[in-house]
Amino acid sequence: MLQAHNIVKSFTTDTTTNVLKGVTIDIQQGDFTCIVGRSGSGKSTMLNILSTLLRPNSGNVVYNGLDLGKVSVNKINKIRQNDFSVIFQSFHLFPYLSVLENVLLPYLSEVTPVSKKSRAHAMQIIERVGLKGKEDRLPGKLSGGEQQRVSIARALVKQPKILFADEPTGSLDIKTGKDIIELLKELNSEGLTIVMVTHALEYTSYADTVIEMKDGQICGEIHEIAGSA
Amino acid sequence: MNILTLPLKNLKRKLLRTGILITVFTVGILSVVMLYNVSETIGHSLEKKMTEFGANILIYPKSDSLNVSYGGFSLGNLSYSVKYLSEKETNDSIRSIANKENISTVAPKLVELGTYKEQPVAVTGIIWAEEFRIKNYWALDGKMPVNPNEAIIGSRAADLLGITINSPINLGTGTVIITGILKKTGTEDDNLIFADLHSVQSLAGKQDKINFIEVAALCSGCPIDDIVAQIQSKLPNTDINALQNIVKQRMSTINYVKRLVLMVSVVILVIACFMLSMFMLASVNERKKEIGLLRAIGYSSSKIFIIFGFEAMIIGIFAGVLGYLGGYVSSVQLLSRIDIEGTGHILFDPALMATATLFVAVLSVLSAALPALKATKIQPTDVFSQI
Ligand SMILES: Nc1ncnc2c1ncn2[C@@H]1O[C@H](COP(=O)(O)OP(=O)(O)OP(=O)(O)O)[C@@H](O)[C@H]1O
Ligand SMILES: [Mg+2]
């Protein structure tokens, strides 16, 4: 479904750091892929390249046969709207929008008003992530776990093909983090492809594929351990 | 809910900021509108005063001897062999020049000697309606002439000659009857008798003849030199004396004031734009993460521009409407206070308000353009990697 081939990425500030040194990853449809590794090993950078948020220096990312390095900005925006979704360690909710409005954000890019149908759909998703009855609250009035659920609902509202998650449990306590991972696992079992970066090795048990990175390279890859959770 | 929800919510959320921006812009527009209205009105009123002061162009027959001028018109002068102009030809010529729209009044005159109790008096034939337009300071004791053989007399002439209402003046083949005495004007009018031009002509046997003609040209930036040249080419056998310097001086004062007003207005607007720009820039910096998130969920850079541009535009629209209304009200107030004529000239013009509002809206979007462009450059990874 999504292949990254020989990705090289370096950042130049005062000095040049080679963050990714030729990484090749193949994401299968329906898979729950976990990327693990030590801090600074390049996990987030790799995830951002996969989700089109970052462009590699060399190497290519191919999505359903489409070389993402060669398509227009417009097409990239379309993919971000309809195919890919991202969630982060910090939830990036708009503090002055209600839960429902936050979830509807992907629909708010048009002049035409949000349809009743989209609104109903958003309500369903909110219910799906377990926030029924809290759709009119502002994010500041929610717990961290609930806020992450809102950001998941926002990521799901346009029914994406792949969900990219960068340490979605990073700022949650263990119990809440586990709940979130279990929610993701459920969504995965309903057919959503998930690529997740995490520090916490215990979550790798939920994954179909675990990719371990070290110093900008892949140092280990384990497949098909799902179901052992 | 649509793309305008975000900018609207932000304006509402930052009510104080929104209020300050709208206020600053409103004050800017208000002063522009007010200064403009006031300077226009004062300009109009000065212009009107200029014509009230009298004619600014004097046309008389070419003379090789002594210049016969209105001020110097004494009885003695009339003993020279006086030349005449044709009333009809002169009038038609003046009324048909290229700048004829600027000609407000054409007042021909014929001066004839008459007698009252054997004393010589000068009777000036005038066209009442035209004369009143350039001499609306005239005030009368008695009544206005209604019949062709009725006349009025200047106060000094009346005193010196002992003429009163109903005194008959012998003129040519007949008489004219005084019906009114002019109140003191301080001009040579005090020394004269005025009667209907066509009566004077027929009594004196000088049909269609006039001595000179006074013209009032309305000159809101009109080329007085051109008007003189146009009349001169139509009437080559005349001398034309334009009170150009006075006209020019007044026009240049008005133009100077208008230029000053324009400059002040531009400065105010530039400051308002600058402030909006700074506020928007702060807003963009403050909302970097939001912008990054929007880009990550597929908002194009032009959508980001629209969000910030629209925010600025709403401020502009509010300021445009409030500023125009405020400017209108305050200029009417101000002008009524300093008691200048022509306050009624300030019209409330919805089309002008719409234009002003559109102008401010465009101006505010332009002011927000740089910060908004900056916003479009923000990439998700720029703002997410520093967490
Ligand atoms: N925008 C950037 N500019 C410069 N250097 C960067 C940038 N983004 C990442 N890096 C560097 O790249 C390296 C890898 O960063 P990355 O965020 O991918 O690591 P990570 O594996 O996600 O680490 P962590 O587990 O701490 O999140 C780090 O050394 C980091 O300093
Ligand atoms: Mg990271």
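**Ligand site and chain interface**

A backbone N or O atom of Gly42(A) lies 3.0 Å from an oxygen atom of ligand 1. The model is a predicted one, in which local features need pLDDT of at least 70 and side-chain atom pairs count only at pLDDT 80 or more, while totals for chains, interfaces and linings use all residues. Residues are numbered from 1 along each chain as its sequence is written, chains are lettered from A and ligands numbered from 1 in the order in which they are written, and side-chain values use heavy atoms, with hydrogens and water left out.

Two further residues approach oxygen atoms of ligand 1. For Ser41(A), a backbone N or O atom is 3.3 Å from a ligand oxygen; for Lys43(A), a polar side-chain atom is 2.6 Å from one. Of the 630 Å² that ligand 1 exposes when taken alone, the protein buries 64% (accessible areas by the Shrake-Rupley method with a 1.4 Å probe; for residues, only the protein chains shown count as cover).

The residues surrounding ligand 1 (a heavy atom within 4 Å of it) include Phe11(A), Val19(A), Arg38(A), Glu167(A) and His199(A). By class, this shell has two nonpolar, seven polar and three charged residues; Ala, Val, Leu, Ile, Met, Phe, Trp, Tyr, Cys and Pro count as nonpolar, Asp, Glu, Lys and Arg as charged, and the others, Gly among them, as polar. Helix H1 of chain A, residues 43–50, gives the largest share of the shell, three residues (helices are DSSP runs of H or I, at least four residues, numbered from the N terminus).

The second topic is the interface. In chain A, 27 residues are in contact with 24 residues of chain B, contact meaning heavy atoms within 4.5 Å. The two chains bury about 2,500 Å² between them, 65% of it on carbon and sulfur atoms; buried area is the accessible area (1.4 Å probe) that two parts lose on being put together, summed over both.

Two salt bridges link chain A and chain B (a side-chain nitrogen of Lys or Arg within 4 Å of a carboxyl oxygen of Asp or Glu). Glu101(A) and Lys9(B) form a salt bridge at 2.9 Å, N to O. Another, at 3.4 Å, N to O, pairs Lys303(B) with Glu110(A). Lys303(B) belongs to helix H10 (residues 301–337) of chain B and Glu110(A) to the loop between H3 and helix H4 (116–128) of chain A, so the pair joins two chains.

How values were computed: A polar contact is a pair of N or O atoms within 3.5 Å; within protein, one must be able to donate a hydrogen and the other to accept it, and residues adjacent in sequence count only if both atoms are side-chain atoms.
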